Amino acid sequence: MSKVIKIRLASSEDLPRLMEIFDAARAYQIRHGNATQWPEGYPSQQTVTQDILEGFCYVLDEDERAVATFTLIPGKEPTYQFIENGRWISETPYCTIHRVASDGTRRGIGQMIMGWCLQRCQHIRIDTHRDNLVMRHLIEKNGFTYCGVIYVEDGTPRMAYEFADEDVHKKIYQFWGWENANAPAITDEYKGIKTPIDLYNALSDIWCAKTCAPRMRDDWTKGNKTLGQCSITAFLAQDIFGGKVYGILRPGGNYHCYNVIGDCKFDLTSEQFGDEILDYENNPEQFRKVHFAKEEKRLRYEYLKSELKKYTEVQ
């Protein structure tokens, strides 16, 4: 069964475990040729305590055990006031990611943290040591631009990066994979549905209690519009964009469905899980023959299709 992963604010009770995570991360850096970024004693217990008290420190739990931590700090970072050999992209308000650390027991933690932060802030700055090749790769992979060199409090240099979305009219979505949900439609049956984002926008007006799985129907609301909609939505997306449907095993034995089309992966109904982070790796393929053996599910799928057809014809 997939493990439950959540990101939450840290509390003072987490402090001993966080210091263990920083020790593990420091040892990892030393083993991989980055012996000077975090000297012994950094970050100090006082620094971490202050991060917690100010509400900037977050913990990533796997099955209720802390395995990673980071800070996301709004406002100006003092060490970013001076930058050499380059310049910042934008001077609009930003957040800074600091002190990303993992105990090393879970792969993909850095990407989970980065994705979580980018969903919540359109303008982010971050720095790292030149020898921290793993972090540099993660930062660059997520669309950050190298801006120059800054100097941290002890006077040592760091490579500075920035993610700045200057298009203030660009809509930010909350479903998993939205940033790369650009697979083209393979059918023109649904007018105006060219990408998965188009489909999400349309379904946001269509999802309702009637399309929700019966066992969840009493809890469905407009505020939680994706609740109980996963399988019929994923198979409808497959109709339009092709690819395959995969499932994450959930407590209770049901599968939460999402779409994979080549390198494009997205989960149009992930918002129902709130801050829980799902594991989208190494999951089994799902087949409509199995899912639609349940007559009520097949009927909900047919109803969703018909409603989308009507919706797109009047747009």
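Let's start at Arg-120, which is partly exposed, with a relative accessible area of 37%. This is a predicted model, and in it the side chain of Arg-120 meets that of Asp-275 in a salt bridge, 2.9 Å from N to O. The two come from distant parts of the chain, 155 residues apart: Arg-120 sits in helix H3 (residues 109-120), while Asp-275 is in the loop between strand E10 (264-266) and strand E11 (276-277). Asp-275 counts as partly exposed too, at 38% relative accessibility.

Salt bridges can also share partners, and here they join Arg-8, Asp-14 and Asp-61 into one network.

Now look at Asp-51 and Arg-99, whose side chains form a salt bridge at 2.8 Å, N to O. This pair also links distant parts of the chain, with Asp-51 in helix H2 (residues 45-53) and Arg-99 in strand E4 (residues 95-102), 48 residues apart. Both Asp-51 and Arg-99 are buried.

Stepping back, the count comes to 18 salt bridges. As for why such pairs turn up, side chains of opposite charge can pair when their charged atoms come close.

Key:
Residues are numbered from 1 along each chain as its sequence is written. This is a predicted model: local features need pLDDT of at least 70, side-chain atom pairs count only at pLDDT 80 or more; totals for chains, interfaces and linings use all residues. Side-chain values use heavy atoms; hydrogens and water are left out. A salt bridge is a side-chain nitrogen of Lys or Arg within 4 Å of a carboxyl oxygen of Asp or Glu. Helices (H or I, at least four residues) and strands (E, at least two) are DSSP runs, numbered from the N terminus. Buried means under 20% relative accessible area, exposed over 50%, partly exposed in between (1.4 Å probe, protein chains only).
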